[in-house]
Amino acid sequence: MTTNSAPPVHDTDVLVVGGGSAGVAAAVAAAEEGARTVLAEASGSVGGTLAWQLLEHSAGFHNVRGEQVTGGFGQRLVERLMEIGASPGHIRDDVGYTASRTPVDHAALALTQSIMLDEAGVRVWLQSPIVDATTGDDARLTAVRVHTPAGSRVVRAAVVIDASGDAAAAALAGASFQTDTSARQPTSLLFKLGGVDLALLLRHLREHPDQVRPGSVIGEDDADHVNVWGLGGLLAEGHERGELRLRRTEMHLAGWPRRGEVVVNVTRTRAEDSEEGLGLAHAELGRQVFEFVRWFRNRVPGFGSCHLSAVGDRVGVRESRRVLGLYTMDAADVRTGSAFDDTIGRGAFPIDIHSHDSPSLSHTDPVGSGFEIPYRILVPSGLGNLLVAGRCVSSTHEANGSLRITATCFTTGEAAGVAAAHAAASGKRVEDLDVTALQDSLRSRGARLAPS
Ligand SMILES: Cc1cc2nc3c(=O)[nH]c(=O)nc-3n(C[C@H](O)[C@H](O)[C@H](O)COP(=O)(O)OP(=O)(O)OC[C@H]3O[C@@H](n4cnc5c(N)ncnc54)[C@H](O)[C@@H]3O)c2cc1C
């Protein structure tokens with residue numbers, strides 16, 4: 001027997017969809033600015049891609065000159081992790097890619113984010129994907145349906161923030177999207193190897209400096225953290241011998257030597273936009289992971305006794321839907337460091353584009369001392385009470401290659417959270433918000449809006 005009774009309705013000021021880097025920052029900020037806030041996360045934990053794709057490090061906190069561009073929530077989170085020994089904080093990026101990198105313990109990151117959400121008074125709904133949305137005559141989102149473990153619920157929120165990475169809420173609300181999708185970045189699956197003797201690897205690299213990117217600083221044997229871009233020669237041999245089907249000219253390894261642990265970023269494939277696209281990609285990436293583990297054991301100094309200790313919990317998606325907002329940031333904005341009257345923060349990560357079919361990165365373009373991020377890239381055109389944050393912001397494929405980095409996702413998330421709280425309190429449409437008041441609130445939260 002089925003029952004068709006209407007699902008219970010929850011009224012709130014702000015609904016945040018997705019609990020990754022942007023969503024957690026958004027929800028904490030909205031709640032701290034006085035808004036009743038619900039965060040709905042589809043998976044069983046907050047933390048998103050940074051925590052559960054096991055990223056090598058959070059990146060993008062500093063520009064190439066070493067000036068910090070990300071403050072606010074992102075910086076607070078790093079300080080909380082440092083207090084419990086779950087991050088060394090911002091350390092030098094010794095391959096010269098950017099000025100700093102910020103390793104984090106993945107599980108501790110997710111737990112700390114949960115605690116911060118709880119402290120801020122956010123109501124966190126886990127295992128709760130949003131599945132439907134209703135818009136009113138003025139195109140505002142009037143209701144969002146969420147499947148929770150307790151049953152189906154309808155959330156009526158004054159403002160919705162889409163921080164789902166894939167712009168799930170924006171799609172359900174009928175938003176418009178960027179159309180330059182032909183060059184979408186490939187997916188990957190990161191994995192962790194345990195039982196690694198990193199001192200042996202470092203000694204090998206010192207004897208074979210051609211195995212690392214030019215300009216790399218190879219750490220001391222007793223380094224606390226190890227960062228390596230390279231192993232091109234060994235990879236080429238593995239491919240020629242038929243041990244590795246995937247041809248790569250380099251890979252990224254980030255290690256915590258005292259744990260004997262390394263995160264490996266090397267797999268990749270194209271995921272088709274279809275029901276089974278991610279499933280097929282997951283199987284292909286799984287084959288690659290097993291090939292690489294075997295190859296590491298047999299061919300890479302220091303890895304003879306290694307084991308596969310963890311794998312990202314989902315296919316790592318670098319790029320999917322990007323909304324069409326009131327402004328679209330493009331490569332020129334990012335490269336030349338455009339300034340905007342409605343800046344809500346800064347970014348400074350290189351434009352980092354990975355390729356499906358070339359064995360190296362497609363390209364990595366420097367972005368000088370960084371760029372300002374306009375509020376308008378968080379505002380989808382014409383919906384009134386929807387904001388976006390994180391990697392689905394209004395940007396071209398190239399600009400997204402920089403904006404998608406986690407430090408910048410913290411920045412856009414926090415700005416969206418404060419903006420949503422202001423809009424909910426004032427009843428204004430998000431495009432009509434008092435941007436000066438938004439900027440003042442962000443500054444008082446420690447955000448860095450413009451070069452000092
Ligand atoms: C392989 C790979 C390597 C990377 N390497 C780095 C790196 O080294 N350093 C770095 O800083 N960045 C790196 N990035 C980029 C960075 O990880 C992402 O761009 C960033 O984490 C995106 O953050 P987000 O908050 O927008 O989305 P996410 O962190 O992906 O969070 C989105 C959340 O929304 C949830 N969600 C999705 N749909 C729904 C729904 N319908 N209802 C409810 N919840 C939903 C998801 O479960 C998820 O938790 C990498 C990315 C990939 C894929």
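This is a predicted model: local features need pLDDT of at least 70, side-chain atom pairs count only at pLDDT 80 or more; totals for chains, interfaces and linings use all residues.
A polar contact is a pair of N or O atoms within 3.5 Å.

Helix α6 spans residues 198-207, and its buried residues are Leu 198, Ala 199, Leu 201, Leu 202, His 204 and Leu 205. An α-helix has 3.6 residues a turn, so residues three or four places apart point the same way. The partners of the buried residues of α6 are the strands β12 (226-230), β13 (251-256) and β14 (261-265), together with helix α7 (232-240).

The nonpolar interior can be considered next. In soluble globular proteins, nonpolar side chains tend to be buried together. Here the largest nonpolar core has 94 residues, and those with the most contacts inside it are Leu 15, Val 160, Ile 161, Tyr 375, Leu 378 and Leu 387. Helix α11, residues 406-426, gives the most to this core, with 10 residues. Leu 387 illustrates the packing: leaving aside residues up to four places away in sequence, Leu 387 touches Val 159, Val 160, Ile 161, Asp 162, Tyr 375, Leu 378, Val 379, Pro 380, Ala 416, Ala 419, Ala 420 and Val 430. Another core, of 33 residues, lies apart from the largest one and includes Leu 231, Met 251, Leu 285 and Phe 292.

Phe 292 also belongs to an aromatic cluster, which it forms with Trp 295, Phe 296 and Phe 303. The structure as a whole holds six aromatic pairs. One of them joins Tyr 327 and Phe 340: the ring centres are 5.3 Å apart and the planes stand at 65°, so the pair is edge-to-face, the cut-off for that class being over 60 degrees. Tyr 327 lies in the loop between β16 (316-317) and α9 (331-336), whereas Phe 340 lies in the loop between α9 and β17 (343-347), so the pair ties together parts that are 13 residues apart in sequence. Tyr 327 is partly exposed, at a relative accessible area of 24%, while Phe 340 counts as buried at 10% relative accessibility.

Aromatic rings also meet charged groups. Arg 213 lies over the face of Trp 229, 4.3 Å from the ring centre. In a second case, Arg 259 places its charged end over the ring of Trp 256, at 4.1 Å from the centre of that ring.

Attention may now turn to the ligand. Around the ligand there are 35 residues, of which Glu 41, Thr 49, His 57, Arg 404 and Thr 406 come nearest. A ligand nitrogen is 3.1 Å from a polar backbone atom of Ala 42, and a ligand nitrogen is 3.0 Å from a polar backbone atom of Ile 130. An oxygen atom of the ligand is 3.3 Å from an N or O atom in the side chain of Glu 56.

Leu 54, in the loop between α2 (48-52) and β3 (58-59), has a positive phi of about 60° although it is not a glycine. Leu 54 is also buried, with a relative accessible area of 6%. Gln 127, likewise not a glycine, has a positive phi of about 50°, and Gln 127 lies in the loop between β6 (123-125) and β7 (130-135).

Definitions and conventions. Residues are numbered from 1 along each chain as its sequence is written. Side-chain values use heavy atoms; hydrogens and water are left out. Rings of Phe, Tyr and Trp (its six-membered ring) pair if their centres lie within 6.5 Å; planes under 30 degrees apart count as stacked, over 60 as edge-to-face and the rest as tilted. Helices (H or I, at least four residues) and strands (E, at least two) are DSSP runs, numbered from the N terminus. Buried means under 20% relative accessible area, exposed over 50%, partly exposed in between (1.4 Å probe, protein chains only). A charge sits over a ring if NZ of Lys or CZ of Arg is within 6 Å of the ring centre and within 35 degrees of the ring normal. A nonpolar core is a set of buried Ala, Val, Leu, Ile, Met, Phe, Trp, Tyr and Cys residues joined through side-chain atoms within 4.5 Å. Contact means heavy atoms within 4.5 Å. A residue is near a molecule or strand if one of its heavy atoms lies within 4 Å of it. A polar contact is a pair of N or O atoms within 3.5 Å; within protein, one must be able to donate a hydrogen and the other to accept it, and residues adjacent in sequence count only if both atoms are side-chain atoms.
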